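This report goes through one protein model, part by part. Please look at the sequence and the structure first.

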Amino acid sequence: MNEITVTRFIAAPPEKVWDVMANRQEEWWCPRPWSIEMIAQERRPGGRSAMIMRGPEGEEMPQEGIFLAWEEGRRFVTTDAVTSDFRPAGPFMVGIWEIEPEGGGTRYTASARHWSEETMRQHAEMGFEEGWSACAAQLAELCEGG
């Protein structure tokens, strides 16, 4: 499987981590100074997942795809392989964001599965580990900070 993953322990209960993870995405979803505008989050398999990532120099990166899974309190899975009206779109990855209880806190894991080793390598070279680790740190900061 052509997968790359970031994981982090968050010193907060799973209920809190899930709430922030699912309901406050604009606060943690992309590494600062980038920001995100959520366009649609239809939380069900086949539901639209659309956002615009914005960079500090005015860059805009629209993201359009669907949810493959939404398991309340546990995980959600998206892909950019198809749009919400099930039109094929140049697939890049399947993204999986999940949590599970660990000790007195929560284990957060975010994974990107790719169609080929080449696209996985491209994602790694784009800064996957640094970027997704920064997002995990931002999520942890929100959850642990009160």
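## Cysteines, sheet and helices

The sulfur of Cys143 lies 13 Å from the closest cysteine sulfur, that of Cys135, which is too far for a bond. A disulfide is taken here as a pair of cysteine sulfur atoms within 2.5 Å. By this rule the count of disulfides is zero. Cys135 is in no disulfide, and its nearest cysteine sulfur, in Cys30, is 6.3 Å away.

The model is predicted: local features need pLDDT of at least 70, side-chain atom pairs count only at pLDDT 80 or more, and totals for chains, interfaces and linings use all residues. Residues are numbered from 1 along each chain as its sequence is written, and side-chain values use heavy atoms, with hydrogens and water left out.

Buried means under 20% relative accessible area, exposed means over 50%, and partly exposed lies in between (1.4 Å probe, protein chains only).

| Residue | Relative accessible area | Class |
|---|---|---|
| Cys135 | 5% | Cys135 is buried |
| Cys143 | 4% | Cys143 is buried |
| Thr106 | 0% | Thr106 is buried |
| Gly58 | 58% | Gly58 is exposed |

**The sheet**

Helices (H or I, at least four residues) and strands (E, at least two) are DSSP runs, numbered from the N terminus. Two strands pair if DSSP finds at least two bridges between them. Seven strands form an open sheet in the order β1-β7-β6-β5-β4-β3-β2, and the pairing is antiparallel. β1 and β2 (35–41) stand at the edges with a single partner strand each, so one side of each has no neighbour in the sheet. From one strand to the next, the twist averages 25 degrees. Axes are lines fitted to C-alpha atoms, for helices over the stretch in contact, and angles run from 0 to 180 degrees between N-to-C directions.

β2 and β3 run antiparallel and are joined by six bridges. Gln41 has Ser49 in β3 as its bridge partner. The hairpin of these two strands has six residues between them, and there Gly46 takes a positive phi near 90 degrees. Five of the seven residues of β3 are buried, so this strand is largely enclosed by the rest of the structure.

β3 also pairs with β4 in the antiparallel sense, over seven bridges. Here the bridge partner of Met53 is Met61 in β4. Five residues lie between the strands in this hairpin, where Gly58 takes a positive phi near 90 degrees. Gly58 sits in the loop between β3 (48–54) and β4. Gly58 is 24 residues from Trp34 in sequence, and the two are 9.5 Å apart in space, C-alpha to C-alpha.

At β6 and β7, nine bridges join the two antiparallel strands. Gly95 stands opposite Ala112 in β7. Thr106 also lies in β7. Its side chain reaches the backbone oxygen of Ala12 at 2.7 Å. Contact means heavy atoms within 4.5 Å. Leaving out residues up to four places away in sequence, Thr106 touches several residues, among them Arg8, Pro13, Val17 and Glu100.

**The helices**

What are the buried residues of helix α1 (residues 14–23)? The buried residues of α1 are Pro14, Val17, Trp18, Val20, Met21 and Ala22. They pack against β1, β4 (60–71), β5 (75–79), β6 (94–102), β7 and α3. α1 lies across β1, β4, β5, β6 and β7, and runs at about 160 degrees to β6. α3 lies across β1, β6 and β7, and runs at about 25 degrees to β1.

In helix α2 (residues 117–125), the residues Thr119, Met120 and His123 are buried. Seen down the axis of α2, these buried residues fall within an arc of 105 degrees, so they line one face of the helix. The arc is that of the directions from the helix axis to the C-beta atoms. An α-helix has 3.6 residues a turn, so residues three or four places apart point the same way. Glu118 and Glu125, on the other side of α2, are exposed. The buried residues of α2 pack against β1 (2–10), β7 (105–114) and α3 (128–144). Just after α2, Gly127 takes a positive phi of about 105 degrees.

Key: Polar contact = N/O pair within 3.5 Å; in protein donor to acceptor, adjacent residues only side chain to side chain.
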